Amino acid sequence: MQSLTEGENAVLGGTAAFIEGVILQPTLFYKNMRQQGKPLSLDPRVVYRGVSAGLLNEVGSTGVQFLLTGAIKHAVLGGSLRKMTDTEEISSALGAGCIGALFTSPVELVMIQQQNYNLGFVQALRHICSNYSINNGLFRGLMASVIRDAVYVGGMLGITPVLQNHITERWQVSPSLGGAAASIAGGGICALISCPLDVIKSCMQGDLLKEKFGSFVETGKVLVRNQGWSSLMRGAGWRSANIIGTFLIVNECRIRLTPIMFPGRDVSYDF
């Protein structure tokens, strides 16, 4: 990614995210419903409700995450072009996740409100902005999002590429096979670590009136007190499927689309 400009990284990330978002929307829907304790549905009209906000979130957030990761890498490298260390790769992605949460958190909140109340994107956004303050509206659950996204982006754009390089070099397998193994390992670990944070965030963003859930800490306490520690891993199966699938698709798109979209670039330091 250090061989591309910030704008090119954003376009690459957004393109990969659009492909991933359309394919994996059902896993995102089922994850959100399970975390909020709501019934599941097999009706595509219900499953894909809010998909416009979902795609906006995926394309926008992944584009921002690619842009920020590339920008941090450029700052670390200071204009030089070399292979980054594993620590530099992972740290760059972690930082991008923290900053990128300022975009992903409010978009996900709008999507959850769409799914809960069958509203259009503009309707949901107007309702939230007119009835709630910034902290209790669009940016509710931001703390959980920042930590969760640091883990998520750190895994997708840091741990997965690092693991892929080690796997392909040590076992002499193709980049696609190495990427698949790295996506399963990195995605599974990141899903388990971030699941409690995602549960708390989803509950907070689905309850803007604070009828059941208050602050970040209060929401965690309510869940554990009423439903046990296992409640913090609610929807873990669907979240794991979503993250592993995302890591796999995005990583494969990163490898295959870069030379097609930006021919003539020296990407030997990126993979």
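Analyst: Helices here are DSSP runs of H or I with at least four residues, and they are numbered from the N terminus. The model is a predicted one.

User: In which loop is Lys-210 found?

Analyst: Phi of Lys-210 is near 60°, which is a positive value in a residue other than glycine. Most residues other than glycine have a negative phi. With a relative accessible area of 39%, Lys-210 is partly exposed, and its place is in the loop between H7 and helix H8 (216–227).

User: Is Gln-172 buried or exposed?

Analyst: Gln-172 is found in the loop between H6 and H7, and its phi, near 55°, is positive although the residue is not glycine. Exposed means over 50% relative accessible area, and since Gln-172 reaches 66% relative accessibility, it counts as exposed.

User: How are H4 and H7 oriented to each other?

Analyst: Two packed helices are described by the angle between their axes and the distance between the axes. For helix H4 (residues 86–117) and helix H7 (residues 175–206), the axes lie 9 Å apart and the packing angle is about 60°. An angle of 65 to 115 degrees would count as roughly perpendicular, and H4 and H7 are therefore oblique.

User: How do the residues of the contact of H4 with H7 divide into nonpolar, polar and charged?

Analyst: The crossing of H4 and H7 is right-handed. On the H4 side the contact is made by Ser-105, Glu-108, Leu-109, Ile-112, Gln-113, Asn-116 and Tyr-117, and on the H7 side by Lys-201, Ser-202, Gln-205 and Gly-206. Sorted by type, the residues of this contact divide into 3 nonpolar, 6 polar and 2 charged.

User: How is H4 oriented to H5?

Analyst: The axes of H4 and helix H5 (residues 121–131) come within 9 Å and cross at roughly 110°. Angles of 65 to 115 degrees belong to one class, so the orientation of H4 to H5 is roughly perpendicular.

User: Which residues of H5 make the contact with H4, and how does the contact divide by residue type?

Analyst: From H5, the contact is made by Phe-121, Ala-124, Leu-125 and Ile-128, which meet Leu-109, Val-110, Gln-113 and Gln-114 of H4. The residues of the contact of H4 with H5 divide into 6 nonpolar, 2 polar and no charged.

User: What class of aromatic pair do Phe-29 and Tyr-30 form?

Analyst: The structure holds 3 aromatic pairs. For Phe-29 and Tyr-30, the ring centres are 5.5 Å apart and the planes stand at 65°. Planes over 60 degrees apart fall into one class, so the pair of Phe-29 and Tyr-30 is edge-to-face.

User: Which residues form one aromatic cluster?

Analyst: Phe-29 is buried, with a relative accessible area of 3%, and Tyr-30, at 10% relative accessibility, also counts as buried. The aromatic cluster is formed by Phe-29, Tyr-30 and Trp-238.

User: How many residues apart in sequence are the parts that the pair of Tyr-152 and Phe-247 ties together?

Analyst: Both Tyr-152 and Phe-247 are buried. Their ring centres are 5.7 Å apart with the planes at 50°, so the pair is tilted. Tyr-152 lies in helix H6 (residues 142–171) and Phe-247 in helix H9 (residues 236–261), so the parts tied together are separated in sequence by 95 residues.

User: With which residues is Ser-183 in contact, leaving aside its neighbours within four places in sequence?

Analyst: Ser-183 has its place in helix H7, and at 0% relative accessibility it counts as buried. With neighbours within four places in sequence left aside, the contacts of Ser-183 are Thr-160, Gly-188, Ile-244, Phe-247, Leu-248 and Asn-251.

User: What distance separates the C-alpha atoms of Gly-235 and Gln-35?

Analyst: Gly-235 lies in the loop between H8 and H9, and at 6% relative accessibility it counts as buried. Not counting residues up to four places away in sequence, Gly-235 touches Lys-31, Arg-34 and Gln-35. Gly-235 and Gln-35 are 200 residues apart along the chain, yet the separation of their C-alpha atoms is 5.3 Å.

Notes:
Residues are numbered from 1 along each chain as its sequence is written. This is a predicted model: local features need pLDDT of at least 70, side-chain atom pairs count only at pLDDT 80 or more; totals for chains, interfaces and linings use all residues. Side-chain values use heavy atoms; hydrogens and water are left out. Axes are lines fitted to C-alpha atoms, for helices over the stretch in contact, and angles run from 0 to 180 degrees between N-to-C directions. Helices (H or I, at least four residues) and strands (E, at least two) are DSSP runs, numbered from the N terminus. Angles under 35 degrees count as roughly parallel, over 145 as roughly antiparallel, 65 to 115 as roughly perpendicular and the rest as oblique. A crossing is left-handed if the near helix is turned anticlockwise from the far one by less than a right angle, and right-handed if clockwise. Contact means heavy atoms within 4.5 Å. Ala, Val, Leu, Ile, Met, Phe, Trp, Tyr, Cys and Pro count as nonpolar, Asp, Glu, Lys and Arg as charged, and the others, Gly among them, as polar. Rings of Phe, Tyr and Trp (its six-membered ring) pair if their centres lie within 6.5 Å; planes under 30 degrees apart count as stacked, over 60 as edge-to-face and the rest as tilted. Buried means under 20% relative accessible area, exposed over 50%, partly exposed in between (1.4 Å probe, protein chains only).
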